[in-house]
Amino acid sequence: MSGAPDRYTVISADCHAGADLLDYRPYLEKRHHEEFDAWAASYVNPYEDLLADTADRNWNSQRRLAELEADGIVAEVLFPNTIPPFFPKASLMAQPPTAAEYEMRWAGLQAHNRWLADFCADAPGRRAGVVQILLNDVDAAVKEIRRTRRAGLTGGILLPGVPPGSAVPELYSAAYDPIWAVCDELDVPVNHHGGSASPPLGDEPAARAVFMVETTWFSHRALWHLVFGGAFRRHPGLKLVLTEQGSGWIPGVLDMLDYYHGRLVAASATAEAKFGAGLAEAMGKGPSEVWRDNCFVGASFMRPHEVPLRDRIGLDKIMWGSDYPHDEGTTPYSREGLRIAYAGLPREEVAAMVGGNAARVYGFDLSLLDPVAAKCGPLVTEIAEPLTEIPPQATSPAFARGGSVRVW
């Protein structure tokens with residue numbers, strides 16, 4: 001069991017960071033500086049939170065450490081947040097680039113990866129940076145995965161979404177085997193973050209509502225694409241992490257996938273069997289077995305209605321996250337967020353979900369983190385106490401009363 005005798009070692013498996021716009025310039029190859037200057041001079045940032053006086057939480061290392069420690073968190077997995085060079089908006093939500101856009105977008109993501117390596121090195125052992133890649137050029141992606149692993153980025157890769165109609169192959173395609181192979185070889189987790197796979201819908205009120213309803217479903221698609229595509233048969237050490245997509249949906253979706261798998265590969269004739277020729281040999285293990293052996297969930301601000309499903313999801317699979325510095329995150333009320341979800345559970349279960357599992361998946365050294373947690377980690381007795389009053393300023397869905405948002 002990790003942590004000090006009376007405190008939890010909390011690792012947030014879902015945080016976000018990035019450089020301020022102009023601070024990416026030194027991380028670009030010099031041949032792109034002139035184009036960057038022209039692009040940056042005309043770029044208008046569309047995000048209010050990246051224009052506010054709190055925006056520096058994305059890149060101010062000391063402020064970030066102080067705020068996370070005050071919130072009881074000692075380490076974090078870092079997904080992107082700010083605008084990388086040559087992108088119209090945050091890369092996490094961007095569509096796959098066209099052939100004409102690819103060169104400059106790729107240069108921008110590589111600049112982010114170089115910045116991120118320095119940002120992680122500024123807090124040794126406490127930040128696992130997630131590497132950004134593009135799927136347009138698989139060989140270039142493989143080369144970048146190797147380079148960034150050598151550079152000390154331990155958060156794995158961010159698997160881009162492939163919405164219907166994209167200019168790149170679907171995620172089940174064997175074209176991506178070199179990426180799965182290098183991730184298996186180097187023990188690099190493949191992260192797929194919520195919101196990154198939705199098709200463009202526009203910005204009308206109805207479109208925004210439809211996005212909220214559909215976005216997690218589009219993100220879930222990566223699971224069944226890789227399962228039915230056989231990625232885990234060909235690369236048995238591959239690790240897939242599904243982050244900020246909820247967690248309550250997992251048991252039901254696995255049941256559904258197992259059902260279709262059984263019907264498609266059944267020895268006796270079924271209505272679906274005509275579609276399943278060759279599937280059993282191509283994919284290997286069934287969906288639930290793949291989940292058991294290869295998959296994890298970044299269950300950001302896990303909600304009370306999801307917690308009773310933890311045994312069906314897998315206690316060794318669940319990794320809590322605060323989503324710092326987003327408005328929907330739990331900061332500065334992460335202790336309350338942990339209480340509303342985990343009060344009354346056995347200590348060893350809580351310890352696994354709030355830090356132990358993330359340490360194992362992302363390679364955090366608990367002997368380094370436990371002494372920090374001994375000073376600022378939440379007390380075991382504190383988290384055991386049920387939350388009776390929600391902080392009035394809390395904006396996170398962790399504190400939403402009733403409902404079952406994003407559990408499917």
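## A loop with two cis prolines

Begin by selecting proline 325, which sits in the loop between S9 and H12. Before going on, please keep in mind that this is a predicted model. If you display the backbone here, you will find that the peptide bond leading from tyrosine 324 to proline 325 is cis, with omega near 0°. Now move along to proline 332, which is likewise found in the loop between S9 and H12, and look at its link to threonine 331, a cis peptide bond with an omega of about 5°. As background for these two stops, most residues other than glycine have a negative phi, and most peptide bonds are trans.

Next, select serine 322, which lies in the loop between strand S9 (318-321) and helix H12 (334-342). Is serine 322 buried or exposed? Its relative accessibility is 0%, and serine 322 therefore counts as buried. To see what surrounds it, show the residues in contact with serine 322 other than its neighbours within four places in sequence: these are Ser12, Asp14, Cys15, Ile73, Phe301, Gly329, Thr330, Thr331 and Ser334.

## Two residues with positive phi

From that list of contacts, take Phe301 as the next selection. Phenylalanine 301 is placed in the loop between S8 and H11, and its phi is positive, at about 35°, although it is not a glycine. With a relative accessibility of 4%, phenylalanine 301 counts as buried.

For a second case, go to aspartate 187, in the loop between helix H5 (177-186) and strand S6 (190-193). Aspartate 187 is not a glycine either, and yet it has a positive phi of about 60°. Its relative accessible area is 40%, so aspartate 187 is partly exposed.

Return now to the loop between S8 and H11 and select arginine 303, which is found there. Despite its charged side chain, arginine 303 is buried, with a relative accessible area of 6%. If you also mark proline 5, you can follow a separation of 298 residues in sequence between it and arginine 303, while the two C-alpha atoms are 26 Å apart in space.

## Helix H8 and what covers it

The next selection is helix H8 (residues 250-264), whose 15 residues should span 21 Å at 1.5 Å a residue; the C-alpha atoms at its ends are 21 Å apart, which agrees. Which residues of H8 are buried? They are Ile250, Pro251, Val253, Leu254, Leu257, His261 and Leu264. These residues cover an arc of only 160° around the axis, which puts them on the same side of H8. Among the elements that cover the buried residues of H8 are helix H6 (205-228), helix H9 (279-283), helix H10 (287-294), strand S8 (295-300) and helix H11 (310-313).

H8 and H10 pack at an angle of about 135°, and their axes are 8 Å apart. That angle makes H8 oblique to H10. On the H8 side the contact is made by Ile250, Leu254, Leu257, Asp258 and His261, and on the H10 side by Pro287, Ser288 and Trp291.

## Phenylalanine 232 in H7

Select phenylalanine 232 next, in helix H7 (residues 231-234). Phenylalanine 232 is buried, with a relative accessible area of 3%. Not counting residues up to four places away in sequence, it touches Leu226, Val227, Leu238, Leu240, Val290, Asn294 and Cys295.

## A last stop at H3 and H4

Finish with helix H3 (residues 99-121) and helix H4 (residues 138-150), which pack at an angle of about 10° with their axes 11 Å apart. H3 and H4 are therefore roughly parallel to each other. From H3, show Tyr102, Trp106, Gln110, Asn113 and Arg114, which meet Ala140, Ala141, Glu144, Arg147 and Thr148 in H4. The residues of this contact divide into four nonpolar, three polar and three charged.

Notes:
Residues are numbered from 1 along each chain as its sequence is written. This is a predicted model: local features need pLDDT of at least 70, side-chain atom pairs count only at pLDDT 80 or more; totals for chains, interfaces and linings use all residues. Side-chain values use heavy atoms; hydrogens and water are left out. Axes are lines fitted to C-alpha atoms, for helices over the stretch in contact, and angles run from 0 to 180 degrees between N-to-C directions. Helices (H or I, at least four residues) and strands (E, at least two) are DSSP runs, numbered from the N terminus. Angles under 35 degrees count as roughly parallel, over 145 as roughly antiparallel, 65 to 115 as roughly perpendicular and the rest as oblique. Contact means heavy atoms within 4.5 Å. The expected span of a helix is 1.5 Å times one less than its number of residues. Buried means under 20% relative accessible area, exposed over 50%, partly exposed in between (1.4 Å probe, protein chains only). The arc is that of the directions from the helix axis to the C-beta atoms.
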